Structures are given as structure tokens and as C-alpha cells.
Amino acid sequence: MTLTATKMTFEEFLNYDDGTESLYELENGKLIAMPSESEINRRIAMFLVATFLKLGIPSTRLTLKTELAVSGARLSVRVPDLVVLSEELAGVLAGASRSIVLLEMPPPLLVVEVVSPNQEKRDYRYKRSEYAARGILEYWIVDPLQQRVTLLEWVEGLYEEQVYSGDQVVVSPVLAAAALAQQVELTAAVILRGG
Amino acid sequence: MTTATPKLSFEDYLAYSDDTDTRYELVDGELVPMSLGTGKHGSIIEFLYDQFRDQINRRELPWTAKQAAVGIRSPRGRRWDTSRIPDVMVLPLAQWEAMENREAIINFNEPPPILVVEVVSPSTKTDDYRSKRGEYGLLEIPEYWIVDPLTAKVTLGILDHEFYDLVEYQADQVIQSPIFPDLQLTAAQVLAAK
């Protein structure tokens, strides 16, 4: 086994400041700069926020780019594109000086990642294991590159996978439970177009 | 969920003794006794243990195999208060020797073992196929064998970027193990262990 450069600890990560506005993830001790977003990825994330609001999920329970501590082989930090918080978690986070979901906090209800080029392994593999171990009930992988939406539902410790494309209506138990307003039919195509 | 008993921290778990020979896993801070498996369960464990040892000796690898003797601290939920004890574990000899005078548990931030095996029993079925698949993947254990006498199949999880791809073997299909490429074992041979 090769010894790589010193690994960054979780505490070092929390204190890290390189004087720029860059967002970083911490992946098993490695600092990873978040790539800049394409316009389509931004539109998809914003469209989902608008849709979730329409469904009656309060804005206090929706968050973009909130940091999320997860366990890998070490403690890691992810920055999901969109997160739906439980009421309990939103309460815990209220007043926090840094918007980060720590390991000892309750898990988010739903996490959405919009796939960027060259990030496929991260979204489809690493994060799939990390979010399942963190007990996140639903994980959506929205993939404009492959034109499909993968909905992963947490069942007894592991995600069950459902893949949607084209005019297929995405079925989300978490949304159905969290939404106050009437259900809207959300197809894969509409999500992938960003509205 | 009802929690009548107080939760144990990982440190409590390391120090825990109830003056019996019962071995426990720690799952989300709760002690889970390791039930004595069926005779079949024990036979499969011993068979694979012998096979792995034989491979290690033949190839003169600096590894060792152990039967339910090593725990591994596992990421799960909010804290690291889970410790699994796989039925068979293959790990570097140096790593095993380093545990000589401390609890035989691979703690977090330590390198993962090379291979682990779980033999499925009715009570552990869900965990073996689901939670442990996630946990062992996150721990970056390169190979995870799930031997299931209940459905007569052997499933190999091959790690790729912290997530296992599964390959199933039944009957006379020869198991293809990247860790032990010279093994010539069929699923039936493993499942028929006596």
C-alpha cells in the first residue's frame, strides 16, 4: 500500500480557508474542489426547488449546497446539489453558523445530485454507499448526460434502484409523504430539461 | 424504536464483558449476540478458511485467514458505534500481528482487510445482503463473499469505487475470485462443505 500525502482530518477541513469562494468536498481525507456547474445542471436544481415548493414543502426544509458529513473509510464531507431536510433536522440546523449536517444530526430525507461530466463514479458509486450508510431515505441521481433519473430508495440498509427516462413518471415515496399540496406528475424528461 | 437499555459507546463495547463466552457485535450502540450457527454454517466457514489458508501458503502470501476472530468498526448511521465480526476474514499478517496485545478489532482509519465472508442464516439474511454490503463497501474491503445455504448460491461482491458489483454462482459454476484467482471451487462444493 502506498502512503499518500498527509490526509486532511475533518477538523482541518472545517477550519480550511484558501481565501477563495471555492466549495470543497472531503473524500476520505482528500480535498476535492467542486467543479463549476453547467447551465443545464443549475436549471435542473432550480426547477426541482420550484417543484418541491409547489408541492408544499416549506422553503426552510429545502437547501442548496449545504455540506453533509458522511462516513467513508474516514469521515467525509459531501456538498449535494439539493437536499430536503426533515422538520427535525431543519430545527437542529436553525441558527447554525455554518450550514453543515454533522454526523450526529438526523439524516436528511432526500438528496439530489445532478451528474456533471467525469463525476459519474462519485455520484453512482461512492455517494450511493455513503448516503445509504448515513440512512438517507431517498437519493436521486439526475443524469443529463445519459438522460435518465435514478431514484434510490433506502430499504433495510441498502438502496433499491428505479431508473426513469423519457415520459416515465418519477415515483417518490418521500415526496408523496412530505408534500402537502396535490401531487404533480413529474416525468424524467421534464426534470432533465429543467422544466 | 424502543430503547430500554442504554446505548454503548465503542469504547464501552471494547471493555464489555458479561462473564459468558458469548460474542457480540455492536450495531448502532446495541449489543447483538452472535448466535451459534447450524452445523452446516460452521462447516462452510471451516471449509473456506482451509481453502484460503491453502492458497495463502501455496502462493506464500504475507496474509492470514481467521474464523470470526476479528472485528471491524463500521460506518453506519450517525456514529461509528457498530462493530461487525465477519465469519471469515483474510487480512495482512502484519495487521493481525499488530493486534496481539489489544482487542482484535480493525478500527477506523486503519487499512481494510482483504476479503470477508458471511455465511447467511435466517436471522442475518437481511444484514448480510443489505447493510453489510453497504458498510463493507464503504470500508473498501476489496472482496465480500455471501454464502447462502438457504437459497443455494454464493454471491461475490467485487469492489469498484466503494460500491460492490455482485456476481452470483450456483451449482457447478466455478467461483471467480480476483483475490484468489487460482481457487477452483464451484458453488456446490462450498455449499456441500461437511
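In the predicted model, 24 residues of chain B are in contact with 19 residues of chain A, contact meaning C-beta atoms, placed from the backbone, within 7 Å. Three elements of chain B each give two or more residues to the side that touches chain A: β4 (71-76), β5 (79-84) and α4 (125-138). Helices (H or I, at least four residues) and strands (E, at least two) are DSSP runs, numbered from the N terminus. The most comes from α4(B), with eight residues. By class, this side of chain B has eight nonpolar, seven polar and nine charged residues. Here Ala, Val, Leu, Ile, Met, Phe, Trp, Tyr, Cys and Pro count as nonpolar, Asp, Glu, Lys and Arg as charged, and the others, Gly among them, as polar. The model is predicted; local features need pLDDT of at least 70, side-chain atom pairs count only at pLDDT 80 or more, and totals for chains, interfaces and linings use all residues. Residues are numbered from 1 along each chain as its sequence is written, while chains are lettered from A and ligands numbered from 1 in the order in which they are written.

B:His161 lies in the loop between β10 and β11 of chain B. This residue touches A:Lys121, A:Arg125 and A:Tyr126, residues up to four places away in sequence not being counted. B:His161 counts as partly exposed because it has 15 C-beta neighbours inside 10 Å; the buried class starts at 20 or more other C-beta atoms within 10 Å, the exposed class is 12 or fewer, and partly exposed is in between. Its C-alpha atom is separated by 33 Å from that of B:Ser43, 118 residues apart along the chain.

Chain B also holds an open, mixed sheet of six strands, in the order β3-β6-β8-β9-β10-β11. Pairing requires at least two DSSP bridges between two strands. Neighbouring strands are turned by 20° against each other on average, direction ignored. Axes are lines fitted to C-alpha atoms, for helices over the stretch in contact, with angles from 0 to 180 degrees between N-to-C directions. β3(B) pairs with β6(B) (residues 88-92) in the antiparallel sense over five bridges. B:Lys66 has B:Met89 in β6(B) as its bridge partner.

Two helices pack on the sheet. Helix α2(B) (residues 39-58) touches β3, β6, β8 (115-119) and β9 (143-148) of chain B, and its direction makes about 170° with that of β3(B). α4(B) touches β8, β9, β10 (153-160) and β11 of chain B, at about 170° to the direction of β9(B).
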